[in-house]
Amino acid sequence: MISKLTLRAFSHPVKIGSVTVGGGSPIVVQSMTNTDTADVQKTTQQVYELWEKGSEIVRVTVNNEASADAIPCIVEELKKRNCYVPIVGDFHFNGHKLLQAYPECAKLLAKYRINPGNVGKGSRRDEQFEAMIAIAKTYDKPIRIGVNWGSLDQVKLASMMDENAKLKNPLSSDALMREALIQSALESAEQAVSWGLSKNKIIISCKVSHVQDLILIYQDLAKRTSYPLHLGLTEAGMESKGIVASTAALAILLQQGIGDTIRVSLTPTSDEPRTKEVVVAQEILQTMGIRSFTPLVTACPGCGRTTSTYFQELALDIQTFLRESMPQWKNTYPGVEDMSVAVMGCVVNGPGESKLANIGISLPGTGEIPVAPVFVDGEKTVTLKGDKIAHEFKAIVMNYVETHYSKLK
């Protein structure tokens, strides 16, 4: 069983506001807004929603003067809601100018995300990068050096390609690209350190869009550095593809003890909330037994024995109830995130799965007696029937929470 508290304990711990990344701390879930940061109302609302759903760090785009000027207003509005989630500024191309021109933005952001490929061109690259590091030092801020496949420093890549072509056994184009990403991140980190930024102020990421490349990059990166590593496919995609690709990549790396913080970069459909990426990230960690965030429902997939959809509706109803209750429960009922609930659809696996959960209900399948036994900690406690099964089962769940996890018990 993987420890819930530590995977890559040898990485440097980095403080980002009230959150610690690395050094054996729990793996941190991050997210990013997709609002115009200059729109204070919409950005504040989305940050709040992401935080309420469980995001422990939220990143916002800071791409122009209006967005930089909005940061203090956003932080102030969040404080009014008692939301103190660390806000990270995402900088490309003009970060050095914005941080210098808007000191309140620089002061209130919890971390700066810097992309070495987009920090400046030619001789101006080092000058502009150093300017951002100087500001990070002034305000005692950590940075994430985030290298991306799609915005890799082309000068560095061209130089490496030339050197590679001279080798007796040159790297393949894919292997060379992976090596370029890693070198860009590590060399940029060492540059920052040479300019006086402490090593415990640096997090690294090397993001790509393909699962196998991401795995190979991070396996190599983990061997070559003790900086905390931020995991995630840079453009995971939409719907099931995005979820499957992210899970496939992150699960393998996490199982190997690689990664200190994660983000699932889903492309939401027009009717999906931005918070879906937080839920998926949490479920990856929770189903792997690494961290718990909310009680999860075990439910059977259905078969010819379960022609009724009632068990599906009840499972969804209970899972939604649990998720929506967690913002209030997490402070009132410590440990409730580890509770397990089973909603099963017939007699084959229903009683067995229900007994294995803290609370379980075995609904009748097609042609079975229309009653639903409920099991609490392995013992049958009551049999429900009639039109109020959902309401009565939810009451049993709530009673279990109050009696088993209350601070006052």
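Mentor: Gladly! Let us begin with the word pocket: on a 1 Å grid over the protein atoms alone, a pocket is an open set of points with protein on both sides within 12 Å along at least five of seven lines, and lining residues have an atom within 4 Å of a point. A volume is the space filled by probe spheres set on the points, which are joined across faces, edges and corners. By that count, the largest pocket holds about 710 Å³. Its lining has 30 residues, with Glu 52, Lys 53, Gly 54, Gln 282 and Lys 330 closest to the centre. Please keep in mind that this is a predicted model, where local features need pLDDT of at least 70, side-chain atom pairs count only at pLDDT 80 or more, and totals for chains, interfaces and linings use all residues. Residues are numbered from 1 along each chain as its sequence is written, and side-chain values use heavy atoms, leaving out hydrogens and water.

Trainee: Which element gives the largest share of that lining?

Mentor: Helix H11, with 6 residues. Helices (H or I, at least four residues) and strands (E, at least two) are DSSP runs, numbered from the N terminus. H11 covers 310-332, and helices H1 (40-53) and H10 (276-287) also give two or more residues.

Trainee: What makes Ile 217 count as buried?

Mentor: Buried means under 20% relative accessible area, exposed over 50%, and partly exposed in between, using a 1.4 Å probe and protein chains only. Ile 217 has 0% relative accessibility, so Ile 217 is buried. This residue sits in helix H8, residues 211-224.

Trainee: Which residues does Ile 217 touch, leaving out those up to four places away in sequence?

Mentor: Contact means heavy atoms within 4.5 Å. Ile 217 touches Trp 149, Arg 178, Leu 181, Ile 182, Cys 206 and Val 208.

Trainee: And how much of the protein chain is buried?

Mentor: Buried residues are 51% of the 409.

Trainee: Why does the radius of gyration agree with a compact globule?

Mentor: The radius is taken over C-alpha atoms, and the globule rule is 2.2 Å times the number of residues to the power 0.38. For 409 residues a compact globule would be near 22 Å, and the protein chain has 24 Å, so the two agree. The C-alpha trace spans about 80 × 55 × 40 Å along its principal axes.

Trainee: How many helices and strands are there in the chain?

Mentor: The protein chain has 13 helices and 17 strands.

Technical notes:
1 Å grid on protein atoms, 1.4 Å probe; cavity = no way out; pocket = protein on both sides within 12 Å on 5 of 7 lines; lining within 4 Å.
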